[in-house]
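Biologist: Could you walk me through this structure, starting with the overall picture and then moving to particular places?

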Amino acid sequence: MSAGLVPMPGRELSHAGFDMLPAAIGRAGDRAAERFMEFFAATIRNRNTRAAYAQAVTQFFSWCEEHRVYALDQVKPIVVASYIEVHPGAAPTVKQHLAAIRMLFDFLVTGQVIPMNPASSVRGPKHVVKRGKTPVLRAEQARTLLDSIRTDSIVGLRDRALIAIMVYTFARVSAVVHMRVEDYYENGHRWWIRLHEKGGKRHEVPAHHNAQEYLHAYLDLAGIRDETKGPLFRSVDKRKAMTLNAMTRTDVLRMIKRRAHEAGLPSSTCCHTFRATGITAYLENDGTIENAQAIAAHESPRTTKLYDRTGDEITLD
């Protein structure tokens, strides 16, 4: 058994990366254990965030055990501050881990497990980002990639349609892989794309004519138009036959890396590249930051600006 962990009652959190409870939580009794599980199972709806926070909390309590902080009432602000001070991660990672710890202890406080939140007064490292680091393609490179994909097979048609959606809707890969057939639909004289974004938000974008052409070609050959509740983008088996299972984010990343290599594009090309590529191309064609923000489903235009690389050419000149 790993140090600092105790068996967890049931497997409610195994999908979030938990098979064991932190020992400090286990020692605090059934109410603390119940509240701990509720925090991850009920308050964090996004699977990726849940997994990241689970990892952050596990690392913190393991560090506490190593430094002889065995009980919840021993976790004081100085303990949390000391952990944050020696955390080996980059500033964004440290800030995320502090947020996870702070939220967990807030939940324990409201559940009357502990009287105060030891992380509430702790400040993380300062981290200000004015320009994103996501690798971006020029519009002509994105076109080269789409045109390089052979369309004489279901896999080629699927990959071209998937990349087109990511380029033209600025969609996150997690939203794309969770699309169902019914999320591409006709309304009036236009076809629309429905994306299920972070926090359970439903986001609808009109289909660009290129994306529409590619999606129709894929759906016609796949023969899945009537399977409205089934996944839109599906994995294939060893015989290149389509399965009933949705592609995963890892599947998409591997596909993009392979397609980018075949097209002679930078090896840094990844799933997020197409979000930055689409936003930059849109702004270069006189789109407004407000409309780009709406399409990308960003809460703030500042987030959208992180993906805007229209100033790169000015910098080079």
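Modeller: Among contacts in the chain between residues at least 6 apart in sequence, 56% join residues at least 24 apart, where contact means heavy atoms within 4.5 Å. This is a predicted model, in which local features need pLDDT of at least 70 and side-chain atom pairs count only at pLDDT 80 or more, while totals for chains, interfaces and linings use all residues. Residues are numbered from 1 along each chain as its sequence is written, and side-chain values use heavy atoms, with hydrogens and water left out.

Biologist: How many helices and strands are in the chain?

Modeller: The chain has 14 helices and 7 strands, taken as DSSP runs (H or I of at least four residues for helices, E of at least two for strands) and numbered from the N terminus.

Biologist: And what percentage of the residues is buried?

Modeller: Of the 317 residues in the chain, 45% are buried, where buried means under 20% relative accessible area, exposed means over 50% and partly exposed lies in between, using a 1.4 Å probe and protein chains only.

Biologist: Let's take helix H4. Which of its residues are buried?

Modeller: In helix H4, which spans residues 77-86, the buried residues are Val79, Val80, Tyr83 and Ile84. They cover an arc of only 130° around the axis, and so they sit on the same side of H4; the arc is that of the directions from the helix axis to the C-beta atoms.

Biologist: Why would residues a few places apart point the same way?

Modeller: An α-helix has 3.6 residues a turn, so residues three or four places apart point the same way.

Biologist: What does H4 carry on the face turned away from its buried side?

Modeller: That face carries the exposed residues Ile78, Glu85 and Val86. As for the buried residues of H4, what covers them includes helix H3 (47-66) and helix H5 (91-110).

Biologist: How do H4 and H5 cross?

Modeller: Their axes come within 10 Å and cross at roughly 160°, the axes being lines fitted to C-alpha atoms, for helices over the stretch in contact, with angles from 0 to 180 degrees between N-to-C directions. H4 and H5 are therefore roughly antiparallel to each other, given that angles under 35 degrees count as roughly parallel, over 145 as roughly antiparallel, 65 to 115 as roughly perpendicular and the rest as oblique. The crossing of H4 and H5 is right-handed, meaning that the near helix is turned clockwise from the far one by less than a right angle, with anticlockwise for left-handed.

Biologist: Which residues make that contact?

Modeller: From H4 there are Val80, Tyr83 and Ile84, and from H5 there are Val94, His97, Leu98 and Ile101. By class, the contact of H4 with H5 has 6 nonpolar, 1 polar and no charged residues, with Ala, Val, Leu, Ile, Met, Phe, Trp, Tyr, Cys and Pro counted as nonpolar, Asp, Glu, Lys and Arg as charged, and the others, Gly among them, as polar.

Biologist: Is His97 buried or exposed?

Modeller: His97 is buried, with a relative accessible area of 4%. Leaving aside its neighbours within four places in sequence, His97 is in contact with Ala56, Gln59, Tyr83 and His87. The C-alpha atoms of His97 and Gln59 are separated by 9.0 Å, although the two residues lie 38 apart along the chain.

Biologist: Now H6 and H7, please. How do they cross?

Modeller: The axes of helix H6 (residues 139-148) and helix H7 (residues 154-169) come within 9 Å and cross at roughly 160°, which makes H6 roughly antiparallel to H7. Their crossing is left-handed. Arg143, Leu145 and Leu146 of H6 make the contact with Arg160, Ile163, Ala164 and Tyr168 of H7, and by class it has 5 nonpolar, no polar and 2 charged residues.

Biologist: What does Asp159 touch?

Modeller: Asp159 is in helix H7 and counts as buried at 0% relative accessibility. Not counting residues up to four places away in sequence, Asp159 touches Ile149, Met255, Arg258 and Arg259.

Biologist: One last topic, the loops. What is the phi of Gln112?

Modeller: Gln112 has a positive phi of about 60° although it is not a glycine. Gln112 is in the loop between H5 and H6, and counts as exposed at 74% relative accessibility.

Biologist: And where is Lys240 found?

Modeller: Lys240 is in the loop between strand E6 (234-236) and strand E7 (242-246). Phi of Lys240 is near 65°, a positive value in a residue other than glycine, and Lys240 is exposed, with a relative accessible area of 56%.
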